[in-house]
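Here is a friendly tour of one structure. Please have the viewer open as you read.

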Amino acid sequence: MSTFWSVWVIVLTLANLALVTWVLFANRKVAVDDQDDPENRTTGHVYDGIEEYDNPLPKWWFLLFIFTLVFSAAYLVIYPGMGNFKGIAGWTSVGALKASEAKAQAEFKENFGQYVDMPIEKIAENREALKMGARIFANNCAVCHGADGGGNYGFPNLTDNDWLYGGTPEKILETLHNGRQGLMPPQGPIIGEDGVKNVTEYVLAMNGLEHDAALAEQGKQVFGTVCMACHGADGKGNQALGAPNLTDDIWLYGGTREEIQHTVRGGRSNNMPSQKDKLREDKIRLVAAYVYSLSRQEDVQQ
């Protein structure tokens, strides 16, 4: 703040305090002076038969205003409020914010810090840690993967132990830290509409679903030429590339004939945003443990 505006604020503040003080004391005296009737203390204003008296403020009310003025003066001396004058206490909003952050960090460290160096498998055995992980998941991940982690159209199911990039603790942490960018390039311009239909029939056949055997046989040749590089010769996928398993009847964008054709023809693009700039390491590890526990439940059920 420039010197001019600082002085301007100080002058206005002091002038207002002085004005309020003058008004307060000026109204302590009775202004009505009726020479003909000295006992008359009405102002002459009448509303529906109710006369207005010119009485001073009650003493307790007057003293309350005095206290307010004294408090205001003390506040402006101790805390900043007079232009560039910083106050004798040296208080600043930035300092208060940092103190609050330091207190919060200390509390967070007490509650979450113990999980920074703890193995994910160990965290997944701690019920209290899983509760915290579930809450963090609900606040940050459920919008895409569902409240139960069961996934949505285009967003993977995290409970079925079917992983695009791997479901080990290390891979889950890697996904959370760095995010993932999945891309299935459109094959329609490369293999043509007949190729799209033939490959679709072959994918249906690999999943044991109803299909056209003749078209599937032709699709197998196209698959071996175009699709095998990512999904493998047996169609079981490649976690190093994030290429899904095409034989387990688990689908990210649907497994009907029309949906598969749409995927092959136009391709797909997925983005899992990085969480390392959004969540602290301890929270990322809690989420990783929670997600890991979801997949372990599937293993136990099997």
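In which helix do Lys131 and Glu128 both lie, and how many residues apart are they? Both belong to helix H5, which covers residues 127-140. Three residues, about one turn of the helix, separate them. Bear in mind that this is a predicted model.

The side chains of Lys131 and Glu128 form a salt bridge, with an N to O distance of 3.6 Å. With nitrogen and carboxyl oxygen required to be within 4 Å, the count comes to seven salt bridges.

## Where H8 meets H9

Now turn to helix H8 (residues 188-206) and helix H9 (residues 213-231), whose axes are 7 Å apart and pack at an angle of about 105 degrees. That angle makes H8 roughly perpendicular to H9.

The contact residues comprise eleven nonpolar, three polar and two charged ones. On the H8 side, they include Ile191, Val199 and Tyr202; among their counterparts in H9 are Leu215, Val222 and Phe223.

Notes: Residues numbered from 1 in each chain as written. Predicted model: local features only at pLDDT ≥ 70, side-chain atom pairs only at ≥ 80, totals over all residues. Heavy atoms only, no water. Axes fitted to C-alpha atoms, helices over the stretch in contact; angles between N-to-C directions. Helix = DSSP H or I, 4+ residues; strand = E, 2+ residues; numbered from the N terminus. Parallel < 35°, antiparallel > 145°, perpendicular 65-115°, else oblique. Contact = heavy atoms within 4.5 Å. Nonpolar A, V, L, I, M, F, W, Y, C, P; charged D, E, K, R; others polar.
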